[in-house]
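I opened the notebook to look up charged contacts, ring pairs and surface charge. The entries follow in the order I checked them.

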Amino acid sequence: MLITCNFSLTYFIISGEIENSRVPAWLMIVDTEGLSVMTAWAAGKFAGDQVGSFVKKSGIADKVRHRKLIIPGYAAVILGDLEEELPGWEIMVGPRRRHICPPI
């Protein structure tokens, strides 16, 4: 499972990467009023307790056999709070940067 915010560019990049990987995955989208991950975190809209509550309320735990969640790299600061909010879950931090264009 991956989780991110509803910033449109982020959504389309991540959903495209998931589709291209052909690895089955759930992508959970937290409503941050369209703010990017860093902006949403700074505005208090993508905090560990909020993300944890979102995961619990989503019912995703009933749909998967594992308890693994990948959060955006720029949201690494919420890791501790999220681990407290979701005991028994393995929370992994994704990359901070994604190269959209290959290097020249």
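**Entry 1: Lys 56 and Glu 85.** I found a salt bridge between Lys 56 and Glu 85, with 3.2 Å between the closest N and O atoms. My criterion was a side-chain nitrogen of Lys or Arg within 4 Å of a carboxyl oxygen of Asp or Glu. This is a predicted model, so I kept local features to pLDDT of at least 70 and side-chain atom pairs to pLDDT 80 or more, while totals for chains, interfaces and linings use all residues. I number residues from 1 along each chain as its sequence is written, and side-chain values use heavy atoms, without hydrogens and water.

**Entry 2: where that pair sits.** Because Lys 56 belongs to helix α3 and Glu 85 to helix α4, the bridge ties together parts 29 residues apart in sequence. Helices here are DSSP runs (H or I, at least four residues), strands likewise (E, at least two), numbered from the N terminus. Lys 56 is partly exposed at 49% relative accessibility. Glu 85 is partly exposed too, at 23%. I used these classes: buried under 20% relative accessible area, exposed over 50%, partly exposed in between (1.4 Å probe, protein chains only).

Entry 3: How many salt bridges does a search of the whole structure find? It finds two. Glu 33 and Lys 45 also meet in one, at 3.3 Å from N to O. This pair links distant parts of the chain, twelve residues apart. Glu 33 is in the loop between β2 (27-30) and α2 (37-42), and Lys 45 is in the loop between α2 and α3 (48-58). Glu 33 is exposed at 60%. Lys 45 is partly exposed at 27%.

**Entry 4: rings.** I counted one aromatic pair. The ring centres of Tyr 11 and Phe 12 are 5.1 Å apart and their planes meet at 75 degrees, so I logged the pair as edge-to-face. The rule pairs rings of Phe, Tyr and Trp (its six-membered ring) with centres within 6.5 Å; planes under 30 degrees apart are stacked, over 60 edge-to-face, the rest tilted. Tyr 11 is partly exposed at 33%. Phe 12 is exposed at 58%.

**Entry 5: negative patch.** Which residues form the negative surface patch? They are Asp 49, Asp 81, Glu 83 and Glu 84. Patch residues have over 30% relative accessible area and no salt bridge, with like charges joined within 9 Å and nonpolar side chains (Val, Leu, Ile, Met, Phe, Trp, Tyr) within 5 Å. Helix α4 (residues 79-85) gives the largest share, three residues. Glu 84 lies in helix α4 and is exposed at 66%.

Definitions and conventions. Areas by Shrake-Rupley, 256 points an atom, 1.4 Å probe, with all protein chains shown as cover. Lys, Arg positive; Asp, Glu negative; His and termini not counted. Charge placed at Lys NZ, Arg CZ, Asp CG, Glu CD.
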